[in-house]
Amino acid sequence: MSHAITLERNAFGQLVFVAADGTRHLVNPVRSFPIAAPTEGIGLVNTDGEEVAWVERIADLPPAARELLEAELATREFMPV
């Protein structure tokens, strides 16, 4: 569920996903459908290329997590207007 997702930045400014058990993973967000549905279906992929979490819809995230995810996506991807 997207609402259970906790995101933060570490001391190096990297995006970190905090799992329910407290495990921390450095992650990169990856859009499944960047053109057709840019705010839906976002995988959080760790440094080994494994998906550790799934965000159904950005709008379902708590405000702090949503802001971090949107900021990270904005730095990683060019979206045509």
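Two strands are taken as paired if DSSP finds at least two bridges between them. Strands (E, at least two residues) and helices (H or I, at least four) are DSSP runs numbered from the N terminus. In S3, arginine 24 is the bridge partner of valine 18.

The model is predicted: local features need pLDDT of at least 70, side-chain atom pairs count only at pLDDT 80 or more, and totals for chains, interfaces and linings use all residues. Residues are numbered from 1 along each chain as its sequence is written, and side-chain values use heavy atoms, with hydrogens and water left out. The predictor's confidence in each residue is its pLDDT, from 0 to 100. The chain has a mean pLDDT of 90, and 90% of its residues reach 70 or more.

The five strands form an open sheet in the order S1-S2-S3-S4-S5, with antiparallel pairing. Strand S1 (6–9) and S5 stand at the edges; each has a single partner strand, so one side of each is left without a neighbour in the sheet. Neighbouring strands are turned by 40 degrees against each other on average, direction ignored. Axes here are lines fitted to C-alpha atoms, for helices over the stretch in contact, and angles run from 0 to 180 degrees between N-to-C directions.

S2 and S3 pair over three bridges. S3 (residues 24–31) and S4 pair over five bridges. Valine 27 stands opposite asparagine 46 in S4. S4 and S5 (residues 51–57) also pair over five bridges, and glutamate 40 stands opposite arginine 57 in S5. Four residues separate S4 and S5 in a hairpin. Glycine 49 in the turn has a positive phi of about 85 degrees. S4 (residues 40–46) is mostly covered, with six of its seven residues buried (under 20% relative accessible area; exposed is over 50%, partly exposed in between; 1.4 Å probe, protein chains only).

Three salt bridges are counted (a side-chain nitrogen of Lys or Arg within 4 Å of a carboxyl oxygen of Asp or Glu). Arginine 24 meets glutamate 8 at 2.4 Å, N to O. This pair links strands S3 and S1, 16 residues apart. Glutamate 72 meets arginine 9 at 2.8 Å. Glutamate 72 lies in H1 and arginine 9 in S1, so the pair ties together parts 63 residues apart in sequence. Glutamate 72 is buried at 13% relative accessibility, whereas arginine 9 is partly exposed at 31%. Aspartate 60 and arginine 57 form a salt bridge at 3.1 Å.
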